[in-house]
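Please look over the sequence and the model shown here before reading the report.

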Amino acid sequence: MKLASFSTPDNPRVRVGLVLNDEIVDAALGARALGFNVPDHMQTLIEQYGQAERGLRALLEQAQQANGRLSAIPALQESGLVQPLAAVQLAAPIPRPRKNIICLGLNYAEHARESAAARGREAQLPQHPVIFTKAPTTVNGPYGDVVIDPAVSTQIDWEVELAVILGKGGKHIREDEALGYVFGYTVLNDISARDLQAQHQQYFRGKSIDGYCPMGPWIVTADEIPDPQRLTLRLRVNGLTKQEASTDQMIFSIPRIIAVLSNGMTLEPGDIIATGTPSGVGFARTPPEFLRPGDIMETEIAEIGVMRNRIVGVEEVR
C-alpha cells in the first residue's frame with residue numbers, strides 16, 4: 001500500500017493518508033468509520049503497524065469492492081474523508097525524523113569512478129559501506145521548494161536515491177533476515193552543497209542545509225516491492241535526464257547495509273537509510289553543472305513515484 005503524510009487547505013495539520021489511484025483518505029478517520037484504530041502520525045503508525053494494518057487493509061478491501069475507489073466505500077461517502085490527490089498538500093512521509101538520516105556514499109561503482117575522476121584521484125571502489133548522515137532539518141516535501149542562498153553555497157547538486165524505512169528495531173541483524181526489518185521504501189534526493197563538502201573535508205555540513213532532502217511522495221510498503229534491488233532510478237533537471245540506473249548496480253545491497261549498520265548500533269522503527277546515488281551528478285560533469293533558481297528537479301523511482309521540486313533563490317522567500 002501507499003502511505004503519505006498530507007494536509008488540506010481547511011485542515012493544515014499533517015496526518016497519515018492511504019493513497020489509492022488518484023485519491024487519498026485520512027487513514028485514522030477512515031479506519032475508524034470501519035471500526036478500526038489507526039494512528040494519525042506516520043512515526044506512530046510505523047511503530048504500531050502490527051495493529052494498524054488490519055484497518056488499512058479493510059479500507060483497501062472495501063475500495064477494491066467499490067471499483068477501486070476509496071470515495072465509493074459506503075461508510076465514507078459524503079464524509080469528506082476522501083480527497084483527490086490533486087487537492088491535498090503532501091509532506092515528506094516522515095515530516096520530522098527523530099534521528100539523522102543515515103546515508104551511503106559511493107555505493108554505485110560508476111558514481112565512485114566519476115567522483116574520483118572529478119577530484120583528480122585514482123578510482124578505488126569502497127571495501128566497506130561509506131556512511132554519513134543528514135540532519136532531520138534537511139527534510140523537505142516531495143513538491144517543496146529548494147532554496148539556494150549564495151551566501152551559504154553556490155554549488156548545489158542533485159542525487160536520486162532509494163530510501164529504506166525500517167519497521168522493526170534491532171541490533172546485530174543477520175543479512176539473510178534484514179529485509180524482514182523493512183517497513184517500506186520511498187524516493188529521496190540527497191541534495192548536496194559541493195563547495196561546503198570540499199571546504200569542510202567531510203560530508204555532514206554540505207549535506208545538511210535546511211530543506212536539502214526532499215522525500216516522498218509516499219512510502220510504498222515492503223510487501224509491494226519484493227525485490228528492492230530491481231528498481232529504476234531517474235533524475236531530470238528541466239526535463240533533461242541527468243541520472244538513470246537500477247538499484248541492482250549497488251555495490252552494497254540493502255540487506256548488507258542493514259547488517260553492517262546494526263553491527264553494534266541499535267536501529268529503530270522509523271529510521272531512514274538512503275542507499276546511495278548512481279552516476280550523473282552535477283559536479284562530476286564536464287563542465288560541472290549545478291542547480292540554479294528557476295530549475296525544476298524531478299526525482300523518480302519508477303516503481304514508487306515521482307517528486308517535483310522547484311529551485312528558488314533566497315530572495316524569493318524573504
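## Basis of the report

This is a predicted model, in which local features need pLDDT of at least 70 and side-chain atom pairs count only at pLDDT 80 or more, while totals for chains, interfaces and linings use all residues. Residues are numbered from 1 along each chain as its sequence is written, and side-chain values use heavy atoms, with hydrogens and water left out.

## The chain as a whole

The chain holds seven helices and 19 strands, where helices (H or I, at least four residues) and strands (E, at least two) are DSSP runs numbered from the N terminus. The chain has a radius of gyration of 20 Å, close to the 20 Å that the globule rule gives for 318 residues, so it is as compact as a globular protein of that length; the radius is taken over C-alpha atoms, and the rule is 2.2 Å times the number of residues to the power 0.38. Along its principal axes, the C-alpha trace spans about 65 × 50 × 30 Å.

Of the 318 residues, 56% count as buried, a term that means under 20% relative accessible area, with exposed meaning over 50% and partly exposed in between (1.4 Å probe, protein chains only). Among contacts (heavy atoms within 4.5 Å) between residues at least 6 apart in sequence, 75% join residues at least 24 apart.

## Surface and charge

The accessible surface of the chain comes to about 13800 Å², of which 46% belongs to carbon and sulfur atoms; accessible areas come from the Shrake-Rupley method with a 1.4 Å probe, and for residues only the protein chains shown count as cover.

## Strand β12 and its partners

Strand β12 (residues 182–189) is mostly covered, since eight of its eight residues are buried. Strand β12 pairs with β11 (residues 160–166) in the antiparallel sense over seven bridges, two strands being paired if DSSP finds at least two bridges between them. In this pairing, V182 of β12 is the bridge partner of L166.

Strand β12 is also joined to β14 (residues 213–221) by four bridges, and these two strands run antiparallel. Here M215 of β14 is the bridge partner of L188. Strand β14 also contains P217, which is joined to G216 by a cis peptide bond with omega of about -5°.

## Other local features

A cis peptide bond also joins T286 and P287, again with omega of about -5°, and P287 is found in the loop between β17 (272–274) and β18 (296–301).

N21, in the loop between β2 (11–20) and β3 (23–26), has a positive phi of about 55° although it is not a glycine, and N21 is exposed, with a relative accessible area of 55%. N238 lies in the loop between β15 (232–237) and β16 (240–246); its phi is near 55°, a positive value in a residue other than glycine, and N238 is partly exposed at a relative accessible area of 45%.

E316 is placed in the segment after β19 (305–313) and is partly exposed, with a relative accessible area of 45%. Although E316 and G211 are 105 residues apart in sequence, they are 15 Å apart in space, C-alpha to C-alpha.
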